[in-house]
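Please look through the sequence and the structure shown here before reading on. The report that follows takes up one topic at a time.

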Amino acid sequence: MVAQAQAVTASPRKRKRSSFARAETRAFYLFISPWIFGFIVFSAGPILAAAWFSLTNLTDIDINHLPKFVGLEQYKALLDDRLFWVSLKATAIYTLVSVPLNIVAALLMATLLNQKIPGLRLFRTIYYMPTVVAGVASALLWSQLLRSDTSGLINWLLSQVGLGPIDWFGSSNWAMVSLLMYNVWYFGSAMVIFLAALQGVPTALYEAAEIDGANAVRRFWNVSLPMISPVILFNAVIGLINSLQSFIPPLIITNKGGPGFATYLYGLNLFDRAFSDTQQGHGGYAAAMSWVLFLISLVLTVVFFRVSRGIVYYESGGPG
Amino acid sequence: MSSQSQGARSVALPRAGVSLHSQRRTRLIARSFYFILACLGAVVMIIPLYWLIVTAFKDSGSVFAVPPILIPNPWLFSNIDSAGEFRPRSTEVS
């Protein structure tokens, strides 16, 4: 291999090749430049600005009043803030349940919709449909569906079968359950990705398993699951990051994190600190919070990849 | 190649001790079971969407009615018009 590569570079066509390569590199940067521009201006810039703000005593955005550098004061204040820990705990519980729940639901439904059943296209459309409803609209819808008296559709249905109305937003546990229900209704996007992965599994593997006498459950467990394990990891990581940033559901469904602070998720806390009109905006503090959230996401993602190393099967031999 | 393997898959593979006929029957039962399961799931997924659409055509009184009104009567299509006329507070010009 190495000798071959050297032979190629030492050939008289070297100059021509490299000029071609340079032209190609230039074209590459030209084509990718809109994305790079957008990334720097709309993502990297604000991220770095937030890092700087988190080290200052910024309150409101005020051009006449430049924020002063205060070092790690905001981070220190964060550790002493009870509400920070409360929202972190609520987010941890929410993430711990919602991510596995969503993945299991999406995976089972994808497997179901990978069978030969009549009306397959219609079913795939129906399961994906909630995903296209705008976030605030669907959150409002769920807050209506879950209304505590029997004027809420879900409580009415429950009382019809004798399960009595549940005060969804009155107890901290039921409030969390209602957020999880809303979230699991959104499994469509993960399901579509699973479905694509399942259809990429070579049929020959299933045939071989079938000849060996494996039943449907065995085929799912010993063929489908290992073959799509990289996609499960992908969905887990994406789900984790989205779940940690959850903001709309607690704001609208449980009415700003209620009851008390039972569903006061981190994203909502962060928003309140930065933009709430009841209290003075604390830009520096909120920036520190967002960086802490970013570091948590980063660490958990790295942990996911490390832990998955021995579990996930890569047909091509794996990344790196 | 893939069409070949597809064809092989649709023909039930003979398994030891199981007749081709009964295998085909279990396959049919499994498929009906999957279909029923998919239908149940679809109903659960569609109920909120149905509610979203139906609520859009109710008057504000029947939105809160006990028991819930499953089909709006009358259908208030004027809601769509008033949605178009709605202005958030911040855009109001005095």
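## Covering the buried residues of H7(A)

What covers the buried residues of H7(A)? In this predicted model, the cover includes helix H6 (135–145) of chain A together with H2 of chain B, and the buried residues in helix H7 (residues 153–160) of chain A are Leu153(A), Ile154(A) and Asn155(A). Just after H7(A) comes Gly162(A), which takes a positive phi of about 80°.

Chain B has 94 residues, of which 4% are buried. Its secondary structure consists of 4 helices and 0 strands, so that the order of elements, read from the N terminus on, is α-α-α-α.

The contact between the chains takes 29 residues from chain A and 25 residues from chain B. On the side of chain B that touches chain A, helix H1 (2–10) and helix H2 (20–55) of chain B each supply at least two residues, and the largest share, 14 residues, comes from H2(B). Sorted by class, this side of chain B holds 18 nonpolar, 4 polar and 3 charged residues.

## H5(A) against H2(B)

H2(B) also packs with helix H5 (residues 120–128) of chain A, at an angle of about 35° and with the two axes 9 Å apart. The crossing in which H5(A) passes H2(B) is left-handed.

Which residues meet where these two helices touch? From H5(A) come Phe123(A), Ile126(A) and Tyr127(A), and from H2(B) come Ala38(B), Gly41(B), Ala42(B), Met45(B) and Ile46(B). When the residues of the contact of H5(A) with H2(B) are divided by class, 7 are nonpolar, 1 is polar and none is charged.

## H4(A) against H12(A)

Within chain A, helix H4 (residues 82–112) and helix H12 (residues 229–244) pack at an angle of about 145°, and their axes lie 9 Å apart. The crossing of H4(A) and H12(A) is right-handed.

On the side of H4(A), the contact is made by Thr91(A), Tyr94(A), Thr95(A), Ser98(A), Val99(A), Asn102(A), Ile103(A) and Ala106(A), while H12(A) brings Ile232(A), Asn235(A), Ala236(A), Gly239(A), Leu240(A), Ser243(A) and Leu244(A). The residues of the contact of H4(A) with H12(A) divide into 8 nonpolar and 7 polar, with no charged residue among them.

## A loop with positive phi values

Where in chain A does Asn255(A) lie? Asn255(A) is found in the loop between helix H13 (248–252) and helix H14 (266–275) of chain A, and Lys256(A) lies in the loop between H13 and H14 as well. Phi of Asn255(A) is near 50°, and phi of Lys256(A) is near 60°, each a positive value in a residue other than glycine.

## Domains of chain A

Chain A is divided into domain 1 (15–53) and domain 2 (77–308). The C-alpha centres of these two domains of chain A lie 34 Å apart.

Key:
Residues numbered from 1 in each chain as written. Chains lettered and ligands numbered in written order. Predicted model: local features only at pLDDT ≥ 70, side-chain atom pairs only at ≥ 80, totals over all residues. Contact = placed C-beta atoms within 7 Å. Nonpolar A, V, L, I, M, F, W, Y, C, P; charged D, E, K, R; others polar. Buried ≥ 20, exposed ≤ 12 C-beta atoms within 10 Å, placed from the backbone. Domains from an automatic or database assignment. Axes fitted to C-alpha atoms, helices over the stretch in contact; angles between N-to-C directions. Left-handed = near helix turned anticlockwise from the far one by under 90°.
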